[in-house]
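Please look over the model below before reading the points.

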Amino acid sequence: MNTRLLLKVQNAILRNPAAFRVEDFETDITGLTVQAAGMSPTKVDAYARSRALLRISAAQRDALSFLHLWPSQFQSAFNPAASTKAEKGLNALIAVSRITHFVRTGC
């Protein structure tokens with residue numbers, strides 16, 4: 001697992017929490033992974049690229065990328081309809097915590 005790249009993704013989320021959107025391949029964990037590696041994500045290959053860059057399985061990539069597959073403590077705390085700056089900031093912190101959990105557990 002490429003933990004250094006995941007740390008870059010966490011930093012990108014924290015630098016611009018309002019831009020993080022879990023349902024958008026360009027600004028979700030997958031897209032930010034590709035961007036942190038210096039590439040542009042495209043809908044066609046963002047998921048394959050992120051998996052290769054992170055050196056994880058497809059199942060791990062899905063567990064990291066898709067909100068409905070996040071562990072319940074993160075899934076229930078995340079607000080996909082966040083509209084205020086505070087809500088988006090909280091979502092960013094939850095996403096960063098989700099990545100930390102992933103690094104520690106592999107799922």
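The numbered points follow.

1. This is a predicted model, in which local features need pLDDT of at least 70 and side-chain atom pairs count only at pLDDT 80 or more, while totals for chains, interfaces and linings use all residues. Residues are numbered from 1 along each chain as its sequence is written, and side-chain values use heavy atoms, without hydrogens and water.

2. The chain has a mean pLDDT (the predictor's confidence in each residue, from 0 to 100) of 94, with 100% of its residues at 70 or more.

3. Helix α1 (residues 3-15) packs on helix α6 (residues 85-105) at an angle of about 170 degrees, the axes being 9 Å apart. The two are therefore roughly antiparallel (an angle over 145 degrees). Contact (heavy atoms within 4.5 Å) involves, among others, Leu 6, Val 9 and Ile 13 of α1 and Val 96, Ile 99 and Phe 102 of α6. The contact residues comprise eleven nonpolar, three polar and no charged; Ala, Val, Leu, Ile, Met, Phe, Trp, Tyr, Cys and Pro count as nonpolar, Asp, Glu, Lys and Arg as charged, and the others, Gly among them, as polar.

4. Is Phe 102 buried or exposed? Phe 102, located in helix α6, has 0% relative accessibility and therefore counts as buried (under 20% relative accessible area, 1.4 Å probe, protein chains only).

5. Leaving aside residues up to four places away in sequence, Phe 102 touches Met 1, Leu 6, Ile 56, Gln 60, Leu 64 and Cys 107. Ala 63 lies 39 residues from Phe 102 in sequence and 8.7 Å from Phe 102 in space, C-alpha to C-alpha.

Notes:
Axes are lines fitted to C-alpha atoms, for helices over the stretch in contact, and angles run from 0 to 180 degrees between N-to-C directions. Helices (H or I, at least four residues) and strands (E, at least two) are DSSP runs, numbered from the N terminus. Angles under 35 degrees count as roughly parallel, over 145 as roughly antiparallel, 65 to 115 as roughly perpendicular and the rest as oblique. Buried means under 20% relative accessible area, exposed over 50%, partly exposed in between (1.4 Å probe, protein chains only).
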